[in-house]
Amino acid sequence: MKKLLLTLAFSAATLAAPLTQAATYTVDHQGAHASVNFKIKHLGYSWLVGRFNTFDGTFEYDAAAPEKSAINVTIDTTSIDSNHAERDKHLRGSDFLDTGKFPQASFKSTGFKTTGEGTGIITGDFTLHGVTKSISFPVTRIGEGNDPWGGYRAGFEGSTTLTLKDYGIDYNLGPASTQVEIDLYIEGVRQ
């Protein structure tokens with residue numbers, strides 16, 4: 001009888017144990033191990049490339065249950081950097097980002113679908129220029145593991161293309177310059 005009670009108690013404790021949850025990672029922007037980059041055609045003749053220097057975020061990830069993955073990123077739009085001060089001033093102005101009214105852009109995921117080993121499609125709400133739209137884009141796990149400082153890291157990349165007028169940005173740069181490509185390189189430290 002004593003053995004039966006111990007077995008039942010162990011079984012109950014096992015059933016009551018919490019399910020494995022995805023770990024929380026903080027995006028490592030301070031060490032410049034993450035970036036939010038953009039690329040847009042300039043008049044159809046070349047590419048204008050740049051980045052947002054200030055952003056923050058967290059993500060949830062568990063390799064055993066990637067469908068539970070989630071990410072939340074906030075971008076300081078005033079930190080736009082195209083390596084040209086006068087152009088950046090114009091990009092911050094009312095013709096483009098209007099950072100006086102809309103100093104932040106954000107992405108908050110609402111779902112993740114696995115498409116293969118280390119790959120998937122993330123869906124979420126992206127807010128830019130005061131407009132929020134649901135977008136989906138592919139992501140790839142670059143790698144994960146222990147770092148030299150006693151932490152654990154995971155890194156991902158993803159790209160999407162946005163149509164500027166969908167977000168109320170309709171400055172005419174010509175028909176080849178109506179969309180901007182966004183590239184995310186996100187490395188996080190497990191908390």
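Guide: What follows sets computed values against the definitions behind the labels.

Guide: The model is predicted, so local features need pLDDT of at least 70 and side-chain atom pairs count only at pLDDT 80 or more, while totals for chains, interfaces and linings use all residues. Residues are numbered from 1 along each chain as its sequence is written, and side-chain values use heavy atoms, with hydrogens and water left out.

Visitor: How many helices and strands are there in the protein chain, and what makes a run count as one?

Guide: Helices are DSSP runs of H or I with at least four residues, strands are runs of E with at least two, and both are numbered from the N terminus. On that basis the protein chain has two helices and 11 strands. Their order along the sequence is α-β-β-β-β-β-β-α-β-β-β-β-β.

Visitor: Why is Ser 177 called buried?

Guide: A residue is buried under 20% relative accessible area, exposed over 50%, and partly exposed in between (1.4 Å probe, protein chains only). Ser 177 has 2% relative accessibility, so the label is buried. The residue is in the loop between β10 and β11. By the same rule, 35% of the 191 residues of the protein chain count as buried, and in strand β10 (residues 152–163) the count is nine of 12.

Visitor: What does Ser 177 touch, leaving out residues up to four places away in sequence?

Guide: A contact needs heavy atoms within 4.5 Å. With those neighbours left out, Ser 177 touches Ile 40, Lys 41, His 42, Leu 43, Gly 44 and Leu 164.

Visitor: Why does Asp 76 count as partly exposed?

Guide: Asp 76 has a relative accessible area of 23%, which is why the label is partly exposed. This residue is in strand β5 (residues 70–76). Beyond its neighbours within four places in sequence, Asp 76 is in contact with Phe 52, Thr 54 and Pro 103. Phe 102 is 26 residues from Asp 76 in sequence, with 9.2 Å between their C-alpha atoms.

Visitor: How do you know that β10 pairs with its partners, and how many bridges join β10 to β11?

Guide: Two strands pair if DSSP finds at least two bridges between them. Strand β9 (residues 131–146) and β10 have seven, and run antiparallel. For β10 and strand β11 (residues 179–190) the number is 11, again with an antiparallel course. Both pairs therefore meet the definition.

Visitor: Which residues stand opposite each other in these pairs?

Guide: Arg 141 faces Phe 156 in β10, and Arg 153 faces Val 189 in β11. The hairpin of β9 and β10 has five residues between the strands, and there Gly 150 takes a positive phi near 90 degrees.

Visitor: Why is the contact between Lys 39 and Glu 181 called a salt bridge?

Guide: Side chains of opposite charge can pair when their charged atoms come close. The definition asks for a side-chain nitrogen of Lys or Arg within 4 Å of a carboxyl oxygen of Asp or Glu. In Lys 39 and Glu 181 the closest N and O atoms are 3.9 Å apart, and the pair forms a salt bridge. The two partners are 142 residues apart, with Lys 39 in strand β2 (residues 35–42) and Glu 181 in strand β11. Lys 39 is partly exposed because its relative accessibility is 25%, and Glu 181 because its relative accessible area is 26%.

Visitor: What makes Arg 141 part of a salt bridge with Glu 117, and which of its bridges involves Glu 144?

Guide: The closest N and O atoms of Glu 117 and Arg 141 are 3.7 Å apart. Glu 117 lies in the loop between β7 (104–116) and β8 (119–128), and Arg 141 in strand β9, 24 residues apart. Arg 141 also meets Glu 144 in a salt bridge, at 3.9 Å from N to O. Glu 117 is exposed because its relative accessibility is 73%, whereas Arg 141 at 27% is partly exposed.

Visitor: How many salt bridges does the structure hold?

Guide: The structure holds six.
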